[in-house]
Amino acid sequence: MAATEAPTPRTYGNFRKPRTSGLRGLSLGATLLLFSGLAVVVLVTLISLWLALAVAVGLVVLMAPLAVKDRHGRTLMQRGAVRLAWWRTSSSGGHHYRSGPLGRAGYGTCRLPGLAAESTLTEARDGYGRPFAVITIPATGHHTAVIACDADGGALVDEQQVDTWVAHWGQWLSALGAEPGLVAASVTVESAPDSGIRLQHEIDAAVDDAPRLARAMLDEVLSAYPAGSAQITTRIALTYSGAARPGTPRRTAEDMAVHIGTRLPGLTAGLSMTGAGAAVPMTATELAESVRVAYDPTVAPLVEEARATGGTGLTWDQAGPMAAQESWDHYRHDGAFSVTWAMTEAPQGEVFSNVLTGLVQPNRDIARKRVTLLYRPHTRAEGARVVQQDYKNALFNAQQSQVGQARDDAEVTSARRTTEEQAQGHGVIRFGLLITATVSSAGELVNAAAAVDNLAPAARIAVRPVYGSQAAAFAAALPLGLVLPLHTAVPQTVRDAV
C-alpha cells in the first residue's frame with residue numbers, strides 16, 4: 001500500500017505596498033528637495049562658512065517634517081496637515097450636523113451628512129428584471145449599485161472547498177479591472193445583535209393549532225434566542241464612473257442605470273462560486289433602511305417589524321441621522337457612538353484563508369461592528385506600469401547600501417514575483433480596510449477600542465483610528481460608493497510628491 005500524504009494547507013500573501021523611488025524611504029519630491037538644498041549649501045560655502053552652516057540648519061528643519069515618520073508610516077507634515085484640517089472644520093462648525101424640522105439643511109428632511117449629503121437614490125431593473133438601487137454622487141460623477149449576499153461561512157467546510165472559494169474570489173476581483181467604467185468596489189461585513197423578530201414571524205406563520213407543550217417550548221426559544229445570537233450581513237458595492245470619453249459630458253443616472261443593469265447579472269452569477277451564497281441586488285427601500293439603521297441602531301427592531309408586516313419602508317431623504325457630531329477620536333450619531341479604524345499595514349508574510357475570521361465575527365464588547373474592504377482595481381495597462389515601477393524602485397533601494405540587507409532582498413524578490421504574476425494575466429488591485437465599532441454609550445468606547453486592539457494583531461494587520469476624519473471614515477465604511485481619495489482637499493498628485 002502506498003501511503004498518501006496529507007494535503008498541505010494553502011497559504012496566501014505577497015501583499016505589497018509600492019516603494020517610493022526616493023532616497024532611504026523619502027518620497028521623490030522630498031529627495032529632490034534634499035539634493036537641491038545640499039547643492040545650495042555647497043555653493044554658499046564659497047561665500048561664507050557660517051552662512052552655509054545656517055543654511056544647513058534651515059535645511060534640516062525643513063526636511064524633518066518630511067523625513068520623520070511614526071510607526072504607521074505617516075510623516076510629521078501629514079500629521080500636521082490633519083491637525084490643521086480638523087482645526088478649520090471645528091472652528092467653522094462643520095463637525096456639527098442637524099437635520100429634520102429644526103435643521104437648517106435639507107428643508108426638513110433627514111438626508112445623509114458629510115460627503116454623501118448631495119447623493120441621490122434611484123431604482124431601475126437589471127437584465128433579469130430584478131429591481132436594484134443606484135446611488136449617485138454628483139461631486140465625483142459616480143454611480144453605485146449594492147449587492148446583498150448570504151455568505152455560507154467556513155464552519156464545517158473542507159479546506160479544499162475553502163481554497164476553491166478563495167480562488168474564484170480572486171478571479172472575480174481580477175475581472176473587475178476589465179469591467180467597463182468600474183472605478184471601485186467594497187465588501188462590507190456587518191455583525192449586529194439579532195432582535196428575534198424574524199424568528200417570531202417565521203414561527204407565527206408556520207404554527208397552526210400546535211399542542212400546548214410545543215407552544216411553551218417555542219415561546220421559551222423566542223425569549224432566549226435573541227440574547228446570545230447575532231445577525232451577520234454582507235454587502236458588495238460596485239462604483240462606476242459616469243464619465244464617458246474625454247470631451248464628452250457625463251452620463252446621467254438613467255443612462256448609468258441601464259449600463260449597470262446589463263452588467264449585474266454576470267457579476268452576481270460570478271459570485272456564486274465564491275462562497276457569497278445568494279447574491280441579489282438591493283432595492284432602494286432596502287438600501288435606505290440599512291443606512292438608517294447604521295446611523296441609528298435603535299430603530300433596527302422597528303425596521304424589521306415594518307419589513308415583516310409589509311410596511312412602505314424608508315426613502316433616501318429619511319436615511320440620515322437627526323443629529324450628528326464629530327469629535328477628534330469618535331463620532332456621535334443620534335443615540336449611538338462610533339469609532340473607525342483604518343488599516344495601515346497589510347498582513348506580512350504568508351497567511352491562511354481564515355486570517356480575517358476573528359475580525360469579522362461578532363464580539364461581545366461591540367454592539368455593532370462593520371468591517372469594510374475597499375478595492376480600487378487597476379486596468380491591465382495600469383497594472384503593468386505599476387508593478388514594473390515598483391520593481392525598479394525596489395532594486396534602487398536595495399542598491400543604495402554596500403552591504404545587502406535581507407529585507408531589501410526580500411522586497412526585490414516579492415516585487416519580481418508580482419511582475420511575473422501580472423505578466424501571466426493576474427490582476428493588480430489596490431485595497432484598504434476600515435473597521436467601525438458602534439456602541440450605545442460613550443463609556444463603552446474604551447471596551448470597543450480594547451477589543452479592536454486585540455482583534456487586529458490576530459488578523460496580522462496594523463490599524464489606527466482615523467483621527468480628525470471620523471465622520472468621513474464612517475460614511476466610507478458604508479456601502480455608499482464613496483472613493484475617499486477623490487474627496488480630499490489636497491490633490492492626489494501633490495500628496496504623492498510630498
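The model is predicted, so local features require pLDDT of at least 70, side-chain atom pairs count only at pLDDT 80 or more, and totals for chains, interfaces and linings use all residues. Residues are numbered from 1 along each chain as its sequence is written, and side-chain values use heavy atoms, with hydrogens and water left out.

The secondary structure comprises 15 helices and 13 strands. Helices (H or I, at least four residues) and strands (E, at least two) are DSSP runs, numbered from the N terminus. The protein has 498 residues, and buried residues make up 40% of them. Here buried means under 20% relative accessible area, exposed means over 50%, and partly exposed lies in between (1.4 Å probe, protein chains only). The accessible surface comes to about 27100 Å². Carbon and sulfur atoms hold 58% of that surface. Areas were computed by the Shrake-Rupley method with a 1.4 Å probe; for residues, only the protein chains shown count as cover. Among contacts with a separation of 6 or more, 78% are between residues 24 or more positions apart. A contact means heavy atoms within 4.5 Å.

Strand β4 spans residues 142-149. Seven of its eight residues are buried, so the strand is largely enclosed by the rest of the structure. β4 pairs with β3, β6 and β7; pairing requires at least two DSSP bridges between two strands. Strand β3 (residues 131-137) runs antiparallel to β4 and is joined to it by three bridges. Within this pair, Ile 137 has His 142 of β4 as its bridge partner. β3 and β4 form a hairpin with four residues between them. In the turn, Gly 141 has a positive phi of about 70°.

The pairing of β4 with strand β6 (residues 230-241) is also antiparallel and runs over eight bridges. Here Ala 148 stands opposite Arg 235 in β6. Strand β7 (residues 279-281) is antiparallel to β4 as well, with three bridges between them. In that pair, Cys 149 stands opposite Ala 279 in β7. In a regular strand the side chains alternate between the two faces of the sheet.

Nine salt bridges are present in the structure. A salt bridge is a side-chain nitrogen of Lys or Arg within 4 Å of a carboxyl oxygen of Asp or Glu. Side chains of opposite charge can pair when their charged atoms come close. One of the bridges joins Arg 130 to Asp 126, with an N to O distance of 2.9 Å. Both Arg 130 and Asp 126 are buried.

Glu 179 and Arg 263 form another bridge, at 2.7 Å from N to O. Glu 179 lies in the loop between α4 (159-175) and β5 (182-193), and Arg 263 lies in helix α7 (residues 253-270), so the pair ties together parts 84 residues apart in sequence. Glu 179 is buried at 9% relative accessibility. Arg 263, at 32%, is partly exposed.

In a further bridge, the closest N and O atoms of Arg 368 and Glu 190 are 3.2 Å apart. Arg 368 belongs to strand β11 (residues 368-377) and Glu 190 to strand β5, so this pair ties together parts that are 178 residues apart in sequence. Both Arg 368 and Glu 190 are buried. They also take part in a network of salt bridges that links Glu 190, Arg 235, Arg 368 and Arg 370. Arg 235 of this network is the β6 residue opposite Ala 148.

On the surface, Leu 43, Leu 46, Ile 47 and Leu 51 form a nonpolar patch. Together they have about 480 Å² of accessible area. Patches are made of residues with over 30% relative accessible area and no salt bridge; like charges are joined within 9 Å, and nonpolar side chains (Val, Leu, Ile, Met, Phe, Trp, Tyr) within 5 Å. Ile 47 lies in the loop between α1 (28-44) and α2 (49-67). Its relative accessibility is 69%, which counts as exposed.

Asp 334 lies in the loop between β9 (331-333) and β10 (336-345) and is buried, with a relative accessible area of 19%. At 38% relative accessibility, Arg 460 is partly exposed.
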